[in-house]
Amino acid sequence: LLADQVAVALQSILTREEREENFIGILRALTRAIDAKSQWTLGHSERVADTAVLLGQRLLMEEEELRLLRIAAILHDVGKIGINETILDKPGKLDPLEYETMRRHPQVGAEILQGIRSFEPIIPAVRFHHERWDGQGYPDGLAEEAIPLWARIITVADVWDAITDDRPYRLAFAETEARAFMDQQAGRMFDPRLVRI
């Protein structure tokens, strides 16, 4: 009898782990489809998620918080689904209308996720991942601690990945150049504590 109960419990754990694996796999497939809209962002969301989780681990976050942070980071650019590839791949500076279109993606991403109850905790991270520590970001101009921690983490991970990878408008930064940029932007774009970590 005890062996049967243990077997049922183990099967339940495996089933829960398999469901979680499938769920994360579906989210990754969705973001790969979004990232694939541009040759320059392929794999970006997964790399951002990996870096965000590493930062979360350094902050000693609990497993469930790390899980939700990973999901938020995987989905941080889901709002780009509605942005035309000509804007995403533009080799030069965006014109004002293109820039405004690009700036809407965090809000669009949050709107896409609304109504999915299990995603409610991650919506602020998606919506606010382009806010800046100095209040000069978007969409709401939040500053410092008013920006949710997960959004601040994703900002650091997002920019790190963007500057260390080629883009249509510039080549990737060398690691020393990227570190110098991050240090320079601590207290401006980024939470300085997260840059130190």
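A cavity is a set of points on a 1 Å grid over the protein atoms alone where a 1.4 Å probe fits but cannot get out. The close-up views below are all taken from a predicted model.

**View 1. Cavities of the predicted model.** Rolling a probe the size of a water molecule over the atoms shows where empty space is left. The second largest cavity has a volume of about 30 Å³, and the residues that line this second largest cavity are Glu131, Arg132, Trp133, Ile147, Arg152, Thr155, Met189, Phe190 and Asp191.

**View 2. Arg152 and the residues around it.** Arg152, which is one of the residues lining the second largest cavity, has its place in helix H8, a helix made of residues 149-163. Because its relative accessibility is 8%, and buried means under 20%, Arg152 counts as buried. When residues up to four places away in sequence are not counted, Arg152 touches Trp133, Glu144, Glu145, Ile147, Asp191 and Leu194. Among these contacts of Arg152, Trp133, Ile147 and Asp191 also belong to the lining of the second largest cavity.

**View 3. The loop between helices H7 and H8.** Pro139 lies in the loop between helix H7 (123-127) and H8, and the peptide bond that leads from Tyr138 to Pro139 is cis, with omega near 15°. Glu144 is also found in the loop between H7 and H8. Although Glu144 is not a glycine, its phi is positive, at about 45°. Glu144 counts as partly exposed because its relative accessibility is 43%, and this residue is one of those that Arg152 touches.

**View 4. Leu60 in the loop between helices H2 and H3.** Leu60 is found in the loop that joins the description of helix H2 (44-58) to that of helix H3 (63-74), lying between the two. The phi of Leu60 is near 60°, which is a positive value in a residue other than glycine. With a relative accessibility of 72%, and with exposed meaning over 50%, Leu60 therefore counts as exposed.

View 5. Leu30, Ile81 and Ile112 make a nonpolar surface patch of about 240 Å². Leu30, one of the residues of this patch, lies in helix H1, which is made of residues 2-35. Because its relative accessibility is 35%, Leu30 counts as partly exposed.

Technical notes: Residues are numbered from 1 along each chain as its sequence is written. This is a predicted model: local features need pLDDT of at least 70, side-chain atom pairs count only at pLDDT 80 or more; totals for chains, interfaces and linings use all residues. Side-chain values use heavy atoms; hydrogens and water are left out. Patches are made of residues with over 30% relative accessible area and no salt bridge: like charges are joined within 9 Å, nonpolar side chains (Val, Leu, Ile, Met, Phe, Trp, Tyr) within 5 Å. Accessible areas come from the Shrake-Rupley method with a 1.4 Å probe; for residues, only the protein chains shown count as cover. A salt bridge is a side-chain nitrogen of Lys or Arg within 4 Å of a carboxyl oxygen of Asp or Glu. Helices (H or I, at least four residues) and strands (E, at least two) are DSSP runs, numbered from the N terminus. Buried means under 20% relative accessible area, exposed over 50%, partly exposed in between (1.4 Å probe, protein chains only). Contact means heavy atoms within 4.5 Å. On a 1 Å grid over the protein atoms alone, a cavity is a set of points where a 1.4 Å probe fits but cannot get out, and a pocket is an open set with protein on both sides within 12 Å along at least five of seven lines; lining residues have an atom within 4 Å of a point. Grid points are joined across faces, edges and corners, and a volume is the space filled by probe spheres set on the points.
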